[in-house]
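Thanks for coming. I have one structure to go through today, so let me put it on the screen.

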Amino acid sequence: YYAQPLLHTLGEAFDVSAAQAGLIVTVSQVGYVAGLALLVPVGDLRERRGLISGTLLVTAAALVAAAAAPGYGVFVAALAMVGFTSVVAQVIVPMSSSLSAESERGAVVGTVMSGLLIGVLLARTVSGLIAAALGWRAVFVFGAIAMLALAATLRRALPRVPPTTDLAYGGLLRSVFALVATEPVLRQRMALGGLSFGCFSVLWTSLAFLLAGAPFHYGNAIICLFGLAGVAGAAAASVAGRLADRGHGARTSTAAILVLLASWGVLAIGRTSVIGLLAGIALLDLGVQGLHISNQSAIYALHPEARSRLTTAYMVSYFIGASVLSAVTSALYASDGWSGVCVLGSATAALTLAVWVMSSLALRGRLRRSRLAPATDSVGD
């Protein structure tokens with residue numbers, strides 16, 4: 001996320017086109033998807049405190065490589081590794097769920113996610129300010145120092161959490177597919193997560209290009225401040241978690257998707273209006289994060305012993321949606337500008353609503369037909 005408000009600057013620094021600069025985000029997201037698939041499940045297999053602190057050290061090394069990159073290829077490869085190891089956040093989320101009481105799991109996950117999401121949003125602001133003052137390479141040096149400090153802090157502060165399975169690594173990965181095959185709620189929430197985060201990626205992949213061009217002509221220091229408009233959405237994550245604890249997860253999901261859809265109408269006005277942009281960003285982040293917490297609350301209730309693997313399945317879908325739509329957005333902005341981006345975002349939000357309605361009806365019918373069917377134990381320990 002450091003790179004998103006700097007895409008036009010990075011494109012100039014490495015002498016690449018806007019489409020190639022946009023692929024910087026896509027590559028880091030692809031790395032993140034790979035980390036979700038291959039690294040996050042290890043959270044059920046290994047002691048988590050050591051896994052978290054060790055992975056953060058690798059993240060710091062990759063950030064140093066990005067800061068020192070002599071060319072586009074090395075920079076992209078370094079960010080792919082940053083993406084791969086940054087999934088450590090998705091080891092922390094199910095860990096917090098496992099440490100919480102059943103009655104407050106949604107609130108705890110929402111609180112942790114609020115911190116994560118505020119960090120995502122502030123990353124853009126921090127990177128823009130540092131780049132404006134010290135240049136873009138200093139952004140990644142700052143990130144490396146922050147990861148070293150975080151690794152040391154978490155090593156001291158986190159409790160030791162023993163593994164929850166004795167499966168071999170190969171069996172652990174296969175069990176993720178078993179979860180997807182046997183849990184319709186997981187499949188539903190994977191689809192919703194991928195589409196909603198795709199909307200998020202459509203906005204943030206294109207926003208820096210819009211703000212750097214006519215009629216705004218903003219520099220990095222101003223562009224980065226637009227990330228603050230989404231903090232309200234991130235702060236709402238804990239509210240969504242508490243609503244889920246009270247049994248209102250479905251209503252929260254519906255409301256979040258409707259807000260997401262409405263946000264694109266407001267963002268379309270933002271082509272020439274800063275106020276429209278700010279309001280649209282706030283609404284979009286509110287919808288995306290509210291749905292994300294509802295999704296996580298729903299999947300973590302399925303198999304307590306497999307929460308890292310549930311996170312893997314859900315978050316892989318989440319970031320596949322973001323990766324695909326960030327690549328589409330990069331090409332679309334070059335040909336159709338902000339209007340094309342808003343059409344893409346609106347269509348994706350409408351598809352999210354359609355998937356939610358149709359899958360919810362299918363799940364209710366399934367529940368009525370098999371209310372007394374025994375739960376599967378195919379993914380247990």
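The structure holds 3 salt bridges. Keep in mind throughout that this is a predicted model.

I'll take the bridges one by one. Arginine 48 pairs with aspartate 44, and their closest N and O atoms are 3.1 Å apart. Both of these residues, arginine 48 and aspartate 44, are buried.

Aspartate 44 also meets the side chain of arginine 309 in a salt bridge, at 2.9 Å from N to O. That pair links distant parts of the chain: arginine 309 is in helix 15, while aspartate 44 sits in the loop between helix 2 and helix 3, and 265 residues separate them. Arginine 309 and aspartate 44 are both buried.

The remaining bridge is between arginine 160 and glutamate 47, with the closest N and O atoms 3.9 Å apart. Here too, distant parts of the chain are linked: arginine 160 is in the loop between helix 7 (136-157) and helix 8 (169-182), glutamate 47 is in the loop between helix 2 and helix 3, and the two are 113 residues apart. Is arginine 160 buried or exposed? It counts as exposed, because its relative accessibility is 57% and the cut-off for exposed is over 50%. Glutamate 47, in contrast, has a relative accessible area of 18%, so it is buried.

Which residues do shared partners join into one network? They are Asp44, Arg48 and Arg309.

Next, helix 2, which covers residues 18-38 and contains threonine 26. Threonine 26 has 10% relative accessibility and therefore counts as buried. Leaving aside residues up to four places away in sequence, threonine 26 touches Ser323, Ser326 and Ala327. Serine 201 is 175 residues from threonine 26 along the chain, yet their C-alpha atoms are separated by 9.4 Å.

Now helix 5, residues 89-99. How many of its 11 residues are buried? The count is 8, so I would call this helix mostly covered, buried meaning under 20% relative accessible area. Among the buried ones are Val91, Val93, Pro94 and Met95, and the set also includes Gln90 and Ser96. As for what covers them, the list includes helix 2, helix 3 (48-67), helix 6 (105-134), helix 14 (274-300) and helix 15.

One is nonpolar, about 530 Å², and is made by Leu122, Val126, Leu129, Phe142, Ile222, Leu225 and Leu228. Helix 6 gives the most to this nonpolar patch, with 3 residues. Phenylalanine 142 comes from helix 7. At 39% relative accessibility, phenylalanine 142 counts as partly exposed.

The other is a patch of positive charge, where Arg187, Arg364, Arg366, Arg368 and Arg369 gather on the surface. Which helix gives the most to the positive patch? Helix 15, residues 307-369, with 4 residues. Arginine 366 is in that helix. Its relative accessibility is 40%, so arginine 366 counts as partly exposed.

To finish, look at helix 15 again on the screen.

Terms used. Residues numbered from 1 in each chain as written. Predicted model: local features only at pLDDT ≥ 70, side-chain atom pairs only at ≥ 80, totals over all residues. Heavy atoms only, no water. Patch = residues over 30% accessible without salt bridge, like charges linked within 9 Å, V, L, I, M, F, W, Y side chains within 5 Å. Areas by Shrake-Rupley, 256 points an atom, 1.4 Å probe, with all protein chains shown as cover. Salt bridge = Lys/Arg side-chain N within 4 Å of Asp/Glu carboxyl O. Lys, Arg positive; Asp, Glu negative; His and termini not counted. Charge placed at Lys NZ, Arg CZ, Asp CG, Glu CD. Buried < 20%, exposed > 50% of the residue type's maximum accessible area, 1.4 Å probe, protein only. Contact = heavy atoms within 4.5 Å.
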